[in-house]
Amino acid sequence: MAGALALQSGPLPDWTAVSPALILALTGLLLFVIDSIDSDSDNTVLLAGLSTVGSLFAFGVAGWFLVEGTGQAATGGAISLYGDALVVDGMSLFFTLIFTIVAAMVCIASLDYVAEQRHQAEFFSLVLFAATGMTLMSMSNSLATAFISLELASLPSYALVAYLKDNRGSVEAALKYFLIGALSSAVFAFGISLVYAATGSLLLSDIASSLGDADGMTGILGMGVLMLLGGFAFKTASVPFHFWAPEAYEGAPAPISAFLSSASKAAGFAIAFRVFVEAFPLGQLPAGVDWVLAFQVLAVVTMTLGNFAAATQENVKRMLAYSSIGHAGYALIGLAALTAGGPNANVLGASMAHLLVYGFMNTGAFLFIALVEYWGVGTTFEDYNGLGARAPMACVAMSVFMFSLAGLPPFGGFFSKYVLFYSAIEAGFWWLAAVGAVNSALSLFYYSRVVKAMWIEDAAPTLELGSKPVGLYTAVIFAAVGTLLLLPAFQPVIETAQTVATALF
Amino acid sequence: MMIEALMAVTFAAALVVFVAPDEYAGRLAAALSLLPVVGSLLMWAQYDASGNALLGGDIAFETDFVWLSLGNLDVHWFVGVDGISLPLLVLTTILTTLAIVSAWTPIDVRQSQFYGLMLFMEANLLGVFTALDFFVWFVFWEAVLVPMYFLIGIWGGPRRKYAAIKFFVYTNIASLVMFIGFIALVFGLGDSVSSMRLPEIAQALRADQLGSFAGLSADALKLVAFVAMFLGFAVKVPVVPLHTWLPDAHVEAPTPASVMLAGVLLKMGTYALLRFNFTMMPDVAKALVVPIAVIAVLSVIYGAILALAQQDLKRIVAYSSVSSMGYVILGLVAYTTYGVGGATFQMIAHGLISGLMFMAVGVIYNTTHTRMLGDMSGIADRMPVTSGIFVAGAFGYMGLPLMAGFAGEFFIFQGSFQSTVHSAMPLFTAAAMFGIVIVAGYLLSAMQRTLFGPFRFDGDYEVTEAAFHDVAPLAVLLLLVIVLGVDPDIFFTMIQQAVNPILETGGGL
C-alpha cells in the first residue's frame, strides 16, 4: 500500500528502503500479540498463514525495490542509513529475496509439522525474527551491525533447533549448535576488535580507506581478518566451523534444517561478501593479509570434505547436511576466485545466483524430509525404499531437487553451477572450477541413491503413509516448480546478480 | 514455434499421464502421443528447406534467441530441423506411439508412471534432434538418460537394477568425455565464435579458425577433441568394444523400453557423430579413416558373431543392433553422398526394423514367458500372425529388396565402395558385407528353431494368438518398413540435400 501511494507522491523517504526487514519484524511481533491475546492458541492455520503472508509480502517489496532499482546505480546508488551503519543496495535486496522466499516456504510447510506441538506462535515468530536478522546481515555496513545482526539471526535459530524439547536429538543438536555458535561469535568479536585496533574504524568504507595507514599493525590486521573469517565460516557451515551443521540439521525439526541450511547459509555469504569486498578491497591490502588465498583453501577443502562425508552417510538428513557443506564450498568460489581487476562482479554474481537456486532446491529437499518425518517413515536410505509408488508427486519433486543439487540438466542447479564454474575459469581459476566439477560429478553418487531408493527399490510391506499434508505438499511442489523454472528463467537472475555485484567493486 | 509447440504438448501429455489413474493411463498415453505424431507429420508435409543446418543451409521451423548471455559465449535457445533431423523426428514420434501401445499388455504395475516417463523421454528426444545450440542439445541429451534409467530400473527383468546402473554410468561417463572434448574445441576457437550455436562452431571449425588451447596446438587439439567426442558418442551407438552395456540393458528392459532404446536412443549416438565429428571436422575424420573403418567392420562382424552365439531371442536382436550400427559408421566415414546419406537412411530403417523385432520378441514373450530358443518350437502354429510379421521383419533385417533395410544397406555399400577417402575402402566394404551372411544365418536359425517345426512348449502357459492391440503396432511397423523400402525418396531426397554440403566443402565425393 505504502509503495502504491509513494509512486504518486515522488520518491520514498530513505528509511523505507529497509521495509522488508521491518515487515518481517512486525509480522513476528504481530504473532506475539496474537499469542498474548489467546495464549493457548492452536490455530496453526492463522499463525502459519500470517507468517507466510508476511514473508511473501517482504519478498514482494524486496522484489519490487530490486526491479525499481532502489539503492542501485540507476536511482542514485546505495542508500546509507543510520550513520552508514546499514546500507540498502542491490545485493542486500537480492539476498533478502532468498531469505524471504525460504522463510515463506518454511512457514507454510510448518503448518503441518508443528500442528501437534505447543508454543506455535513462538515458533513462527522466531523464524521471522531470524529472517529479520538475516536481512539486516545483508545490509550491514559496519562490523558492529554485522555482529549484532548476526546474533539476531543466530539466537532464534538456537531456540528453533531445540523446538522439539522432548526429543533428545533436538536438544542435543541445539546445545552443540549453541556452543559452537558462542565460540565463533567470540572469535568474530575478537576479530572485530583486532581490525578496529589496526584501522581505527568499524565502518567498512573507513576500514578500507585506512588500510594504507596500518603499517606496523599488519600482523594484527591479518589476525583480525582471519578471525572474522572464522565467524563467517560458522554461519555458512564451512570448514573449519562446520561441525555443528550435521548435528544441528539432523536433530532440528526438518523445516528448521531447511531454513538454516538455505537462508542462514546465504546470510553468512551475504555478510562475508560485503565485509571482505568492501572493507578489505583487493589491491589495497597490505602484504600478508591475503584473504583470497584463505578462501581458496577453504573452498577446496569445504567442497571436498562435504562431498566425501555425504557419500558415506546412511541417514538421508545427514547426507543432505553434508551436501549443504559441499554447496557452501561451491558458493565460496565467489570469494575465492576474486582478483584485483578481474571479472569479479561476474564471479560474485554467479555465487549469489547459485545461492538463490540453492535456496529453492535445498529447502525443498529438507522439506521433503519433513514430509517423510511427518509420515513417520525412518530416516535412512533404506527407509525411503518404494516411496515413489506411494507418493509419486512428492517423490518427483524430491527427484528434481536431487538432480538439481547434483547439477544435472534440465534443472536450475545445472545452470547455476555451470555459470559459477564458467566464471571461475573466466577469472583464471580453472583449477578451482575443475575441483568443483569433479566434486559435482561425485555428488551424483549419493544424490542418486535417494532417487534410486524412492523409485527403484521395492517398498517394505509395512510401509504405510498417512494423509497428504497440505502445507508440506504446497511448499515442496512450490520449491520444485521454482527449481524447474529457474532453468529457463536463469538469464534475469544471473543478470541481476551480476549487475548488483558490480556495485560492490 | 512449431517445434516448441511439439515439445510443450509432449511434456504436458507426460504430466497429465503421470497423474492419471493407472487403469486408463495406457489408453490416454497412446491417444495423447498421437498429437506429436500429427505434429511431426505436418512438419514433414510443410518441410521446404534444403541444405545442411550446420553449414549455412536453410533451417526449417527455426527459433533463435539468447537464453543466457554469459561472458563472450552466449547460450541460445536455438532449434530447427533440416533433412537429417526431420526423418529422425518423425521416427521418434511414430515409434513412441507404437511402443506405448505395445506396453499395454506387459506393463501391469505403476502404469501411469511408466507412460508418463515414456512421453517425458519422447519430449526430450524431440529436443535432442532439433536443438542447434550445443547447450540446449546437451541438456536434452542428458535428460533422455533419466527416464530410460527408471524404465529399466523399475519395470525391467530380474537384474534390472544392475542393468540400469550400468547403462546410466556408461552413458554418463561417455557424455562427460564428449563434453570435455567439445568444450575444449570451443575454448580453442576463442573469439571466432560468440555463442554455443552449432552452425557457428561448425563453420568456424571448417574455416580453420581453431587456435591452440591448454598447451595443445590447433591440430593436436582437433585430434584430441575428435577422439574424445568419438568415444563419447561411440558408447551410445554402441560400437565394439564399448557395447557391453547394451545387451544387459536390452535383456533387462521391458519391451517398450527396448524398442525405444534400439529404435531411437542408439540413433542419438550416430546422429551426434554425424552432426559433430563428421560435419565439423571432416579433415580429422578422413585422417582417421582406417581406425574408424576398422571399428565399423569389427562392430558388424563381431556383433553378428555374438548374436550367432546367443540362446536368448532378445539378446540376438540386441547384438544384431551392434552389427547394424557398424554399417552406419562405415557409411559415415565413406564421405560419399550415398555413404553418409545411406547411413542416415539406415538410422531410420534400423529404427523401424529393430523396433519391430523387439516388439515381436516381446509379443511372443508375453504369451510364453520365455525367450530361450530351446524352450519352444513351432510357435507359428499357434501364433500365425505374429510369427508371420516376425519373419517378414527378419527378412527386412537381412536386407530383402523392397524393404527399408535393403535400401539403407544398399546405399551404404554403394557409397563406401565408391569412397575415395582411402584406397582400402572397397576392402572394408567387402569385409562388412559378410555381416549380412551371418545375420541371415542367425536369424534364420533362430526362427527355424522357435517358429517352425512341430509345436513344442515346456511352459505352463496357454499359447494363443496375441491380442489385436499387440499385433497392430507390429503390422504398422512392417507397413512402414515396406513403404520406405519401395519408395526411399520419402526421406532420402531431403537427407541427400542435407548431406551433400558436408561432402562438398570437405572435398569428398
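In this predicted model, B:Phe61 is buried, because 20 other C-beta atoms lie within 10 Å, and a residue counts as buried when there are 20 or more. B:Phe61 is found in strand 1 of chain B, and its phi is near 55°, a positive value in a residue other than glycine. Most residues other than glycine have a negative phi, and most peptide bonds are trans.

**Backbone features**
- A:Tyr82 also has a positive phi, near 50°, in a residue other than glycine, and its place is in the loop between strand 1 (79-81) and strand 2 (86-88) of chain A.
- A:Tyr82 counts as partly exposed because it has 13 C-beta neighbours inside 10 Å.
- A cis peptide bond, with omega about -15°, joins B:Val237 and B:Pro238, and B:Pro238 has its place in the loop between helix 8 and helix 9 (245-252) of chain B.
- Another cis peptide bond joins B:Val240 and B:Pro241, with omega about 10°, and B:Pro241 lies in the loop between helix 8 and helix 9 of chain B.

**Contact between the chains**
- On the two sides of this contact, 17 residues of chain B meet 16 residues of chain A.
- On the side of chain B that touches chain A, at least two residues each come from strand 1 (60-68), helix 5 (134-155) and helix 6 (160-189) of chain B, and helix 5 of chain B gives the largest share, seven residues.
- By class, that side of chain B has ten nonpolar, four polar and three charged residues.

**Nonpolar core**
- The largest nonpolar core has 416 residues, and those with the most contacts inside it include A:Leu367, A:Phe368 and B:Leu330.
- Helix 14 (residues 344-375) of chain A gives the most to this core, with 21 residues.
- Not counting residues up to four places away in sequence, A:Leu367 touches several residues, among them A:Met105, A:Ala254, A:Pro255 and A:Leu472.

**A pair of packed helices in chain B**
- Helix 8 (residues 218-236) and helix 10 (residues 255-280) of chain B pack at an angle of about 160°, with their axes 7 Å apart, and because angles over 145 degrees count as roughly antiparallel, helix 8 of chain B is roughly antiparallel to helix 10 of chain B.
- Helix 8 of chain B passes helix 10 of chain B in a left-handed crossing.
- Residues including B:Phe226, B:Phe230 and B:Phe233 in helix 8 of chain B meet residues including B:Leu266, B:Ala272 and B:Phe276 in helix 10 of chain B, and the contact has ten nonpolar, two polar and one charged residues.

Methods: Residues are numbered from 1 along each chain as its sequence is written. Chains are lettered from A and ligands numbered from 1 in the order in which they are written. This is a predicted model: local features need pLDDT of at least 70, side-chain atom pairs count only at pLDDT 80 or more; totals for chains, interfaces and linings use all residues. Two residues are in contact if their C-beta atoms, placed from the backbone, lie within 7 Å. Helices (H or I, at least four residues) and strands (E, at least two) are DSSP runs, numbered from the N terminus. Ala, Val, Leu, Ile, Met, Phe, Trp, Tyr, Cys and Pro count as nonpolar, Asp, Glu, Lys and Arg as charged, and the others, Gly among them, as polar. A nonpolar core is a set of buried Ala, Val, Leu, Ile, Met, Phe, Trp, Tyr and Cys residues joined through C-beta atoms within 7 Å. A residue is buried if 20 or more other C-beta atoms lie within 10 Å of its own, exposed if 12 or fewer, and partly exposed in between; C-beta atoms are placed from the backbone. Axes are lines fitted to C-alpha atoms, for helices over the stretch in contact, and angles run from 0 to 180 degrees between N-to-C directions. Angles under 35 degrees count as roughly parallel, over 145 as roughly antiparallel, 65 to 115 as roughly perpendicular and the rest as oblique. A crossing is left-handed if the near helix is turned anticlockwise from the far one by less than a right angle, and right-handed if clockwise.
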